[in-house]
Amino acid sequence: MPMLGTLLSETRTRIAPVSISASLDAQLLMAFVLGVDRAHVIAHPERELTPDQVQHFAALAARRASGEPMAYIFARRAFYDLDLAVSPDVLIPRPETELLVELAIESEQAHRADCVAADIGTGSGAIAVTFATHVPAAAVYAVDLSAAALEVAHRNATLNHVQIRLLHGDLLSPLIENRVTVDLLLANLPYIASGVVPGLEVSRFEPALALDGGPDGLVLIRRLMAAAPLVLRAGALVLLEIGADQGASASDIVRAALPSAQVDVIQDLAGLDRIVRAVTPLNTG
């Protein structure tokens, strides 16, 4: 019977062309197949696998060797301090987006007595579910144009024992139709330029709807901000994730839509522009 260590070595070589962490990937796939932790896999290279285990491992290894992301193979992804379900219907949550969530959770607006937050283009629900977990008193809306994505967001809300209000529709239209106004407007909309998307490895597996931001990557942000004044309460906070080269242009869009707001660009840990933040003025009476 094939030994664990031999299979790991062969699979590491097979995965290496598509992964900078081929050894780790192979170990995690093996741990998944055997129902053990990674430490067990590392400590027992001599373990023999059954034919069924070998077949299962080979099938998963083939998927990874094709370039399929580990998150889709496992149908889950760690994000912030949660474990989220994912599927090919949604973008895989990225660590960069955790900065937006952290800013939202720590904001003054999140702790208002009647806080209402909305996550636009929610996808897996990563932002909405994480925010709702940490700010349980808030009313949280999650909006997406994809009904399949909303099913994943619903699953994540259930898995993490929070209630969010799912709305199907285009950007802010469902909020406007339901006369919902918000203290926090959160969005990680597609911001990759259309011409760039086909050349990206992620476009082979992740949904184009979650990647393509139009000719300059900012079409959806423009449309969102054009309607934003209709849903923002006094003193509302807007947090938008952007591409690393979009700080100036995205903040100009926000300033044009909200001329009285305080607008700045926040950088991530790598020193790259990542979030446009805007705070609308409070009513002065």
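First, the ground rules. This is a predicted model: local features need pLDDT of at least 70, side-chain atom pairs count only at pLDDT 80 or more, and totals for chains, interfaces and linings use all residues. Residues are numbered from 1 along each chain as its sequence is written, and side-chain values use heavy atoms, with hydrogens and water left out.

Now the overview. The chain has 11 helices and 9 strands. Helices here are DSSP runs of H or I with at least four residues, strands are E runs of at least two, and numbering starts at the N terminus. The C-alpha atoms fill a box of roughly 80 × 40 × 35 Å along the principal axes. Of the 285 residues, 51% are buried. Buried means under 20% relative accessible area, exposed means over 50%, and partly exposed lies in between, with a 1.4 Å probe and protein chains only. Take contacts (heavy atoms within 4.5 Å). Among those between residues at least 6 apart in sequence, 63% join residues at least 24 apart.

Next, the helices. Two packed helices are described by the angle between their axes and the distance between the axes. Axes are lines fitted to C-alpha atoms, for helices over the stretch in contact, and angles run from 0 to 180 degrees between N-to-C directions.

Start with α1 (residues 4-15) and α4 (residues 51-65). Their axes are 9 Å apart, at about 20 degrees. So α1 and α4 are roughly parallel; that word covers angles under 35 degrees, over 145 is roughly antiparallel, 65 to 115 roughly perpendicular, and the rest oblique. On the α1 side, the contact uses Leu7, Leu8, Thr11, Arg14 and Ile15. On the α4 side, the residues include Val54, Phe57 and Ala58.

Which way does α1 lie against α2, residues 22-34? The axes come within 8 Å and cross at roughly 135 degrees. That makes α1 and α2 oblique, therefore. Leu4, Leu7 and Leu8 are among the α1 residues in this contact, and Ala22, Ala26 and Met30 are among those of α2.

Last, Glu206. Where is Glu206? It sits in the loop between β6 (182-187) and α10 (219-227). Leaving out residues up to four places away in sequence, Glu206 touches Tyr72, Leu91, Ile92, Arg94 and Leu211.
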